Structures are given as C-alpha cells and as structure tokens.
Amino acid sequence: MFTVKVTSSFIRFNTKVVHQSNNFIVTVATSLAVPKLLDYVLYVESKPVLGSFVAIEVGTKQVFGVVIKMQEVSSFLGDASKLKEAVLVDDVPAVSEQGLNFLRFSSRYTFALPGDPVRASLIAGKIPEQVEPDKKLVLGNVPLDKRTSTRDKVINVLTHSAHAFTSQAMLAEAAGVGVSVVKGLLIKGVLVWEEIPDVKPSFHIQLPDLNASQKASAAEIASALSLKKHQTFFLDGVMGSGKTEVYFDSIARLLEEDDTSQVLLLVPEIALTPQLVGRFEKRFGFIPTLWHSNLGEKARKRNWWHIAKGLSRVVIGARSALFLNYQNLRLIVVDEEHDSSYKQEEVFRYHGRDMAVTLGHFWKCPVVLCSATPSLETWNNVLLGRYKHLMLDGRYGNATLPHLKLVDMKESKVGKGDKWISAPIVQAIKERLEKGEQSLVFLNRRGVAPLLICGGCGDRVGCPSCDASLVVHKSYLICHHCGFHEEIPKKCPKCDSEKLRAFGPGTRKIKQELETYFPTARIAVADSDSVKTDRQMGDVVAKMEKGEIDILVGTQMVAKGHHFPELTFVGIIDGDMGLARGELRAAERTFQVLMQVAGRAGRAAKKGEVMIQTHDPNHPLFECLLQMDRDKFLKMELQSRKLWQDPPFKKQMAFIVSGKDERSVAFASKALANNFHISNAEVLGPAPAPLAKLRDQFRYRLLVKSGDKMHDAVQKWLGSTKIPSSVRVVVDVDPVSFY
Ligand SMILES: [Zn+2]
Ligand SMILES: [Zn+2]
Ligand SMILES: [Zn+2]
C-alpha cells in the first residue's frame, strides 16, 4: 500500500484498534494541493513527536503529510469519531522543530497552500523508498596475471584516489583507458564490486593558507558559528578573490567540531556544480550530497534519506534543497546570491535567497550570502547594518581591468540585413584569431532566432495558446512560455506566403554569422539547448582550456565560474537586456550580467577587451560599467528605487488574475481594485499582463506596494472580494518577473 516500510505502529485503515488513553488528533499538512490543514486521528501506543510523517487518505487518495499540531482526543472539541485515521510512518526521522517553523512560515509568507513546502520536501509528493547502497570498484584478492600499461593505470588510479568509482566508465575515464580494460579486470576478479557503507563520510581536510582579508572574514563567521547565533553575512569579492575558500574554512570548522552538523550550500544553477564539487572533494576528501533537478532517480532517493538520517554532512543544492529534512543545520551559504533563478516562478513562488535567511533564523545559524554584484535588497541590508559586510581583497587592479568600449547599435547599423555583429567586434575577433587568443561572443538568447517573420503580411508566427512569439530552434518553432512546439511551417499560417524567415539574433544565428566572417575558425555554442548536463558543460570548459575553441558563443551559463586564461576578448551582442521595457530590475540585472561577462576577459596576465553593443549608450549604468565601479552603480540604483518608492524601500506583491474568459478576468480584477482599502498601501492596475495570454488563460495583473507588513490585510482583502470560481488569483510576493 505504501512505498515505505511502515513498522511497529502500522495499523490498516478502517481497523479501529483503540487504545483509549493514547489517541491523538493530529493536524496534518499534506503533499496534496488542498487549501487547508486537515485533522486526523492517530491510534498509537505512545505519544508521537510533532513533525512526524503520517500516511493519510484524502478523498480516495493515499498521501503523506507532516504532523503540524497535536492534541489528546479527550480535549478535542469536535467529534473525533468522524475523523479518518492517520498511520504513523515511523522509520522516517521527524521534521525538526526548526523545520516545522520553516514549513509554516514559508507557506504563509508566500500565500502558498499549507502543503506546498511539504510537497517540496518530498520526492514527487511521496516519501521515497530506501534504495540499496551504491557499489564501488575496489581491488579484489586475485593477483594480476599479466601487467600492461593500461592495466597499471587502472590499478594506480584505484590505489591513489579517494574517489569512489561507482561505474566502470567512471574508473576508465579517470585512468584514461578504454572501458574494456576495466571490464577485463572485473571478469578476472582483479577488481570487484564493494558496497559503499551507509555511514557519514570520513574526511581529510586540506585547506590552503588564507590571505589577510579571507582570514578576517572566516574569523567573523567562525565566531557566529561558535556562539550558535543567527547572523547574515554578505561575503563580497570579485571572481578569484577566494570567497569559496572562506566558506570552506567554515565548513571545515563545523565538520571537525560537531559530528552531527550539517551544512547547506545553495547554488543557482546546475552549470555551477561540477567545478565546485570537484574543488570540494579535493579539499575535504569526500563527495558532498547533491540536490538538483538533474539528479538521477536513485541518487535522489538515496540523498533524501541520507539528509533525513543526518548522514549527509554537506549538501550542495538548488533552491529546493531548502525544504529537505535536516537534523542539525549549522551553516547556510548562498552562492551568487543576486541570481534571479533563486526565485521560483510557479506554484510555490518563494525566493530561495530570502528563504535561506529565514531558515538560518529558525536554526539560529549563520547565513553567508556571496556575490561580486549583490542584489539591491542585500546591499541595502548591508547599508542598514542588518547584514555584516565581509570584504575580500582582489578588486580589479589596473593590470587586469579590461578595456571596455560601447558600440552604438544605431550608428553601426546592427540588425540591418539581419546581421547582428558590429564591425568593431568583428575586427576585435579577427585580431584575437591572428594572435591565437580566444573570444567570447555573448548574448542572452538561445535558439536560432527570436522570431519567424512573414515577408508577405509582415506578421510574426505566434504561439496558438499564448500571447507570445514562437522562437526558432533548428527545424522547430518553440514557445518558451508553455512549451508548445511544431515544425517550422512552409507557409505563413495567416496569408499563405512562403516568404517566412527567422529574424533577430539567437546563439545559432550568431554562430552562422561568425562563420561567414571566419570560415576556418573553430566556433562552439554553449546555451541551454546545447549544454544540458554537467558533462556537456565540462566538455566545453575542457575544450576552451585546451585551446580547441577559438570563438565561444554563449548565453549566461558561460558567464559563471569558469576561468580561461587565453580568453582576451568579450563581445556582447545584446547589452540592453530589457532596459527598454523599464522593468524594475532591468538595470540591476543588466549590470550584474555585463559585469560578470566583462570579468571573463583577460583575468590572467593578458589585458582583456570588452565591447558592448547597445541601443542606449547614454544609460547611466554604462558609465559605472566603463569604470567598473560597482558601488557607484549600487548607489545610483538605490537612489532611483527610493525616488520611485520601489523595493527594497517598499514591499511589493503582485496579483495575477487568470481564466479562460477574458471578460470575467477583467471583471474580477476590477472588483479586486475597487475593494482595496489597505491603509498605507497603494494598488496599481489592473492591467492586462504583458503576457496577456498563457496556456489559453487570459491574464491581468495588479501590483500592491506598501511600506508596512501587509499579509493579514491582503488575506482579508482577497477573502472579502467576490471572485468567480472560473477565475484564479495567484499572489506573487516580492515579485521578480512581471510578465
Ligand atoms: Zn528556445
Ligand atoms: Zn503572412
Ligand atoms: Zn505558448
């Protein structure tokens, strides 16, 4: 009936074995999308703890939940006999008190369903079954009958590496031999499989000496760790200033001091993890527990249990790792805290960075936010003294400051004839090719081109269910909002003209354009269409390092974490990135990305050059960028936010009203606005959303701004406005996206 082993207290449903004195009414948050907490009755021998996992029936569905509240039957005011029965799942460690507080807070703060954080803490809404331990290759008892150089390599790697080789391919790759060599040794019994024991990892720490600013920062964190107090730090430093070594120092301290301690290291995207994990393993001698969406099913289940049982000491994960069942969380690190991918944009709309700070508050542990280009929210908290500023040395000295130049897209006729690379950038790449150096061409758009345009009627081909253009990918058209895809049509769906063409820059198109200028250059593309796994990213990095790529065309994923000494030129095709739309965080995001990409050029001995194509060369952010003056930009942007009373000076909540019938959506939106009476707050809208139709649902938006806490008032407002059942209202607290 259940996927877990339910042990001693297992009682089948509908078999009321009542031990009179020991029945409890439990209030359960379930993994199911139901709007409230549910009461059940639990028949048990001894009082279970809050946070216990239970199996329950909701309607005809059997689901899991977490006990949030509990009372004895004797004190229950309702009719306990009407309640359904819950069954204790007692082989799963209960959610800690801190974890329960976090579950409650995170759903309330985000206006999510009470069970949304519970679902986020499980796997596909379920407690996963326990998996067999992994096996690794070790030397067996059979001696080697004949030595060969390839066999020696395999044995050498096995004896000298602390790494657990869990597949033949993995060992073969590490030894630099074919898989057949490993297979042969296995058949002979020279190699055998051995179970990896389910225990805490042993570690041997090898940390480098820290410089003065790293030492001072590490000491601050260490002091918060030993006092077991919550303190949020902003660890500030450019790429290469050694932020990682600072929090590695804190991790080392915890591993040695407290053998039940757990550390959570949040990273924004999977593309970051391979290098980080490799570095971690080198320093600590074990592989950290990973948690992200690309994890295989078995690894995911095993890691879930390891974390819940306290066997995992260090977890490196994407934002959803916040909701796992930690037993003794002592430190949280948020890498690249400014990254907008920390915000979950559907169903359970939380901001991973903000939730990390809250989780640290409940666990009374330090939270370290790291960035070279902080979010305005974090920077403001630093200025207000709420977050402690830890500053690392290593700002760009004159020697490594890249030379920045703006290219006015209007003057250089970029876009004419569907050509997107300006002459100065072509010239700069040519010079690099002649010197045998590498170039990066950056744009924020994957695919062939953003639009398929008809030469007959001038229309763009749009998504049938969204108010959005379809994007050209190889031979397909794809909607980036709903996933709709179709083969590129031969004729215009509107006028039957055959003059359809892909228009606008995409990574593929830029590659083609580069090929016309540099037919013999080795050009590669790195975007989320071509690089989907750690391994593929690793391949690109390796090729860049070996000098097997002359020009790399890439999206934001190449802006991060990788250092290529021969890369001396960066050309940025779309330097505006939404500036023209005037979105709240457009300038902030543009500055962060450009600063990060610009930092790719010439970080080693060779001086780098960066060219940015823009329609808006007079935008003040470019002045700060040309001087690489981050603090000036932050100051300027904060002033503008203050002037407009935007976050972080006032809080925002967005309300997305949607439904199949546009008139009822518009009507409900107006009803909300008319019924708005929250003091010290203002409502903007309603207006049709920029993405006015999504998955066949019409969408309107309202935005509420307030200087005060407004959760209770908003709850009342929503509750007292009549909304037809065909219309949905979604709340997005502290919105990042405004589509
Ligand atoms: Zn696409
Ligand atoms: Zn047409
Ligand atoms: Zn669509």
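A nonpolar core is a set of buried Ala, Val, Leu, Ile, Met, Phe, Trp, Tyr and Cys residues joined through side-chain atoms within 4.5 Å. Buried denotes a relative accessible area under 20%, exposed one over 50%, and partly exposed the range in between, with a 1.4 Å probe and protein chains only. The model is predicted: local features need pLDDT of at least 70, side-chain atom pairs count only at pLDDT 80 or more, and totals for chains, interfaces and linings use all residues. Residues are numbered from 1 along each chain as its sequence is written, chains are lettered from A and ligands numbered from 1 in the order in which they are written, and side-chain values use heavy atoms, with hydrogens and water left out.

## Cores and domains

The largest nonpolar core has 145 residues, and those with the most contacts inside it are Ile251, Leu264, Trp304 and Leu322. Helix α15 (residues 586-598) supplies the largest share of this core, eight residues. Helices (H or I, at least four residues) and strands (E, at least two) are DSSP runs numbered from the N terminus. A second, separate core of 22 residues includes Ile421, Val426, Phe518 and Ala521. In soluble globular proteins, nonpolar side chains tend to be buried together.

Contact means heavy atoms within 4.5 Å. Leaving aside residues up to four places away in sequence, Leu264 touches Val315, Ala321, Leu322, Tyr326, Leu329, Leu331, Ile332, Val333 and Leu359.

The protein chain is divided into domain 1 (20-121), domain 2 (135-195), domain 3 (212-391), domain 4 (403-449 + 504-640) and domain 5 (651-733). These bounds come from an automatic or database domain assignment. Taken over C-alpha atoms, the centres of domain 3 and domain 5 are separated by 35 Å.

Ser213 lies in helix α6 (residues 212-227) and is buried, with a relative accessible area of 11%. With residues up to four places away in sequence not counted, Ser213 touches Met391, Leu392 and Asp393.

## Zinc sites

Donors are N, O and S atoms within 2.8 Å of the metal (3.2 Å for Na, K and Ca); water is not among the atoms, so sites may look incomplete.

| Ion | Protein donors | Distance |
|---|---|---|
| Zinc ion (ligand 1) | His473 (NE2), His480 (NE2) | 1.8 Å |
| Zinc ion (ligand 2) | Cys454 (SG), Cys457 (SG), Cys492 (SG), Cys495 (SG) | 2.3 to 2.4 Å |
| Zinc ion (ligand 3) | Cys463 (SG), Cys466 (SG), Cys479 (SG), Cys482 (SG) | 2.3 to 2.4 Å |

Four donors count as tetrahedral if all angles lie between 85 and 135 degrees; four count as square planar and six as octahedral if opposite donors are over 155 degrees apart and all others between 65 and 115; anything else is irregular. The arrangement around the zinc ion (ligand 2) is tetrahedral because its four donor atoms subtend angles of 103 to 114 degrees. Its donors follow the spacing C-x2-C-x34-C-x2-C along the chain. Cys454 lies in strand β17 (residues 451-454) and Cys492 in the loop between β20 (485-487) and β21, so this pair ties together parts that are 38 residues apart in sequence. Cys454 is buried at 2% relative accessibility, and Cys492 is buried at 3%.

Around the zinc ion (ligand 3), the four donor atoms subtend angles of 107 to 114 degrees, which makes that arrangement tetrahedral. The spacing of its donors is C-x2-C-x12-C-x2-C, and both Cys463 and Cys466 are buried.

## Helix α13

The buried residues of helix α13 (residues 507-517) are Thr507, Lys509, Ile510, Glu513 and Leu514. Seen down the axis of α13, these residues fall within an arc of 160 degrees, so they line one face of the helix; the arc is that of the directions from the helix axis to the C-beta atoms. They pack against α12 (423-435), β16 (438-442), β21 (500-503), β22 (523-526) and β23 (551-554).

## Backbone exceptions

Most residues other than glycine have a negative phi, and most peptide bonds are trans. A cis peptide bond joins Pro647 and Pro648, with omega about 5 degrees; Pro648 lies in the loop between α17 (630-643) and β26 (651-659). The bond from Gly685 to Pro686 is also cis, with omega near 10 degrees, and Pro686 belongs to strand β27 (residues 681-694).

Glu336 has a positive phi of about 50 degrees although it is not a glycine. Glu336 is located in the loop between β12 (329-334) and α10 (352-363) and is buried, with a relative accessible area of 11%.
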